[in-house]
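Student: Could you walk me through reading helix packing and charge pairing in a model like this one?
Tutor: Gladly, let us look at it together.

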Amino acid sequence: GDVLLSHGELEVLLHEFGHVLHSMLGRTRYQHLSGTRTAMDVVEVPSTLMEYFAWEPEFIKMVGRHYKTGEKIDGEAVTAPRRGKNMFSALETLQQVL
């Protein structure tokens with residue numbers, strides 16, 4: 001059916017929201033070391049953590065709604081993304097090793 005936000009787009013939205021939270025909540029004495037102006041590994045921590053919500057069925061049930069009827073999302077649409085997440089994890093691990 002028609003979707004306004006795909007699962008991949010939800011993951012990107014949550015990732016970027018992690019950057020927003022980092023920028024808004026980060027406190028430092030030096031402005032040039034706050035928010036997204038830090039070392040790259042530190043910048044990605046909040047964003048990566050927020051992405052995990054996209055894979056939690058409880059979160060998908062909580063935010064997923066049909067855009068016309070308001071009906072909650074359930075069933076296969078909630079469980080399918082998580083089942084497919086690790087489908088090629090062995091191949092991805094092999095790529096990292098090589």
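The dialogue below takes up a helix pair, then salt bridges, then a few separations along the chain.

Student: What should I keep in mind before I start?
Tutor: This is a predicted model, where local features need pLDDT of at least 70, side-chain atom pairs count only at pLDDT 80 or more, and totals for chains, interfaces and linings use all residues. Residues are numbered from 1 along each chain as its sequence is written, and side-chain values use heavy atoms, leaving out hydrogens and water.

Student: How do I describe two packed helices?
Tutor: Two packed helices are described by the angle between their axes and the distance between the axes. Helices here are DSSP runs (H or I, at least four residues), numbered from the N terminus. The axes are lines fitted to C-alpha atoms over the stretch in contact, with angles from 0 to 180 degrees between N-to-C directions.

Student: At what angle do the axes of α1 and α2 cross?
Tutor: Helix α1 (residues 7-25) and helix α2 (residues 40-51) have axes that cross at roughly 135° and come within 7 Å. The two are therefore oblique to each other; angles under 35 degrees count as roughly parallel, over 145 as roughly antiparallel, 65 to 115 as roughly perpendicular and the rest as oblique. The crossing of α1 past α2 is right-handed, meaning that the near helix is turned clockwise from the far one by less than a right angle.

Student: Which residues in α1 meet α2?
Tutor: Taking contact as heavy atoms within 4.5 Å, the α1 side includes Leu14, Phe17 and Leu21, and the α2 side includes Val42, Val43 and Met50. The residues of this contact divide into 7 nonpolar, 6 polar and 3 charged. In that scheme Ala, Val, Leu, Ile, Met, Phe, Trp, Tyr, Cys and Pro are nonpolar, Asp, Glu, Lys and Arg are charged, and the others, Gly among them, are polar.

Student: And how many salt bridges are there?
Tutor: Side chains of opposite charge can pair when their charged atoms come close. With a salt bridge taken as a side-chain nitrogen of Lys or Arg within 4 Å of a carboxyl oxygen of Asp or Glu, the count comes to 2. Arg82 pairs with Glu56, the closest N and O atoms being 3.6 Å apart. This pair links distant parts of the chain, 26 residues apart: Arg82 is in helix α4 (residues 76-85) and Glu56 in the loop between α2 and α3 (57-63). Arg83 pairs with Glu76, with closest N and O atoms 2.5 Å apart.

Student: Are those arginines buried or exposed?
Tutor: Arg82 is partly exposed, at 43% relative accessible area, and Arg83 is exposed, at 53%. Buried means under 20%, exposed over 50% and partly exposed in between (1.4 Å probe, protein chains only). Glu56 is partly exposed, at 29%.

Student: How far is Glu92 from Arg27 in space?
Tutor: Glu92, in helix α5 (residues 89-97), lies 36 Å from Arg27, C-alpha to C-alpha, and they are 65 residues apart in sequence.
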